[in-house]
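Please look over the model below before reading the notes. The points follow in numbered order.

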Amino acid sequence: AALAGVRGGSADVAAGSGAALRWSDLSLRIEGSDGKKDKVVLQRCFGEAAPGRLTALMGPEGSGKTSLLSALAGEAAAGKGVRLEGRVAVNGCRSGESTYGYVKKQDLFYAQMTVRETLMFAARHRLPRGVTLEEKHAIVDELLIKLELAGVADAIVGGKESKGGISGGEKKRLSIACELIGDPKILFLDEPTSGLSAAEAELVVESLRTLAEGGCTILCVLHEPSSRVFSMFDDLVLLTPQGEPAYAGSVEAMPEFFNSVGHAFPNDTCPGEVAMGLVNIPFEGTELEVESAARVAAIVKAARRKIAPRMPLMGRRRVITNNPLRRRVNAIVESTRKKQAGDGGFRARVAAIVEAARNKLSLATRRRKAVAAIVEAARNKLSLATRRRKAVAAIVEAARNKL
Ligand SMILES: Nc1ncnc2c1ncn2[C@@H]1O[C@H](COP(=O)(O)OP(=O)(O)O)[C@@H](O)[C@H]1O
Ligand SMILES: [Mg+2]
């Protein structure tokens, strides 16, 4: 009965239509080139993320959070010399077919597009051909409301400094909206609150809460969250500096687990902060470092013994390859990145064409005006000649009369 709460939302997982994500024995190794030693990034990690719940992924810098997220999203094995092994399952079955979105750390937009255009662009690329334009517009409108972006729908996204563009929090919510276009069951996010003000970070996580309550499974890397942000999460997956599992389960049951391995868990401090403190190993070359390393090793051992068996997975440990669906989306993102790096995006190109056309037009206008002036001058000269001719004629007439 002890640690009964550790498994968090697993009970409602089986009943609902959501996607319960689970992984175990997940290891990621990067083969060293030129005789260098292999780098072990993840060491037999386990954990789960349940629908309807917000799961935080935390650990010190370089502990493998981004790598774990990519591995679960089927993207980690992209490079040569990367070996990913273990078990990953959705609702007990091998993942792969399950749809998911992956909000990377860096937002990637055409700076000159509006929020709505950005979403339409994503809709055109990510939705199957069978979806009509009206349906795409409807999906975009719905997402604008869902992520509270309706107010800035027609604003230009803007560049990095967001000069004249939307705010950092709005950009992050736009990234999330783009990933939600295919209505994924699982959403991965890498540090979506980093670089945002406290208020913006809370708005982003509130959006995630709403999504989770709608049945989405959310695994979100958090870096130094405020206690308010952390308090919005239900579950925590914690990694050690060496990419080992230190905890996986509900935030609620965390004190119980750490108490059971001999660590006080003060209840007046943010639990996320306490947990991070317990897995931290200072690089000092002092006794403190040795002591911390021993503490972390004991925590990992306890987690493997007490928590891992509560998250069993059937089947063999296997080598995991990339998700083919993801490859397509990545190709699009990559080409976008290239285009943007090249010349500031297609908006800029359109602007250049319009500018050139405008110049040509004005040249034509100037030419037309010049011709008009010449014609006018010619007309004037003609009329002068006519008047002269008339004057001469009048003189001639008068002379004739006198004669
Ligand atoms: N493609 C790679 N090649 C070499 N080392 C890598 C690669 N990807 C990640 N690593 C290493 O794996 C470790 C974990 O990285 P990462 O997942 O980015 O950590 P975190 O997101 O927790 O900061 C780091 O030491 C990093 O240098
Ligand atoms: Mg990272």
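How much accessible surface does the protein have, and what share of it belongs to carbon and sulfur atoms?

1. Surface. The accessible surface of the protein is about 21,800 Å², and carbon and sulfur atoms hold 55% of it. Accessible areas come from the Shrake-Rupley method with a 1.4 Å probe; for residues, only the protein chains shown count as cover.

2. Basis. This is a predicted model, in which local features need pLDDT of at least 70 and side-chain atom pairs count only at pLDDT 80 or more, while totals for chains, interfaces and linings use all residues. Residues are numbered from 1 along each chain as its sequence is written, chains are lettered from A and ligands numbered from 1 in the order in which they are written, and side-chain values use heavy atoms, with hydrogens and water left out.

3. Overall make-up. The protein has twelve helices and eleven strands. These are DSSP runs, numbered from the N terminus: helices are H or I with at least four residues, strands are E with at least two. Of its 403 residues, 42% count as buried. Buried means under 20% relative accessible area, exposed over 50%, and partly exposed in between (1.4 Å probe, protein chains only). Take contacts (heavy atoms within 4.5 Å) between residues at least 6 apart in sequence: 75% of them join residues at least 24 apart.

4. Shell of ligand 1. Around ligand 1 are Ile30, Lys39, Val41, Pro60, Glu61, Gly62, Ser63, Gly64, Lys65, Thr66 and Ser67. A residue is near a molecule if one of its heavy atoms lies within 4 Å of it. The shell divides into three nonpolar, five polar and three charged residues. Here Ala, Val, Leu, Ile, Met, Phe, Trp, Tyr, Cys and Pro count as nonpolar, Asp, Glu, Lys and Arg as charged, and the others, Gly among them, as polar.

5. Polar contacts of ligand 1. A polar contact is a pair of N or O atoms within 3.5 Å; within protein, one must be able to donate a hydrogen and the other to accept it, and residues adjacent in sequence count only if both atoms are side-chain atoms. A ligand 1 oxygen is 3.3 Å from a polar backbone atom of Ser63. For the side chain of Thr66, the distance from a ligand oxygen to an N or O atom is 2.8 Å. For the side chain of Ser67, it is 2.5 Å. On its own, ligand 1 has 560 Å² of accessible area, and the protein covers 59% of that. Elements giving two or more residues to the shell are β2 (39-49) and α2 (65-72).

6. Ser27. This residue lies in strand β1 (residues 21-30). Ser27 is buried, at 15% relative accessible area. Its side chain reaches the backbone nitrogen of Arg44 at 3.0 Å. Beyond four places in sequence, Ser27 touches Leu42, Gln43, Arg44, Arg83, Leu84, Glu85 and Arg317.

7. Thr217 is in strand β8 (residues 217-221). Its relative accessible area is 0%, so Thr217 is buried. Its contacts beyond four places in sequence include Ala19, Pro51 and Lys185. Val82 sits in strand β4 (residues 82-90). Val82 counts as partly exposed because its relative accessibility is 22%. Val82 and Gly32 are 50 residues apart in sequence and 9.5 Å apart, C-alpha to C-alpha.

8. Cysteines. The disulfide count is zero, a disulfide being a pair of cysteine sulfur atoms within 2.5 Å. Cys178 is buried at 9%, and Cys270 is buried at 10%.
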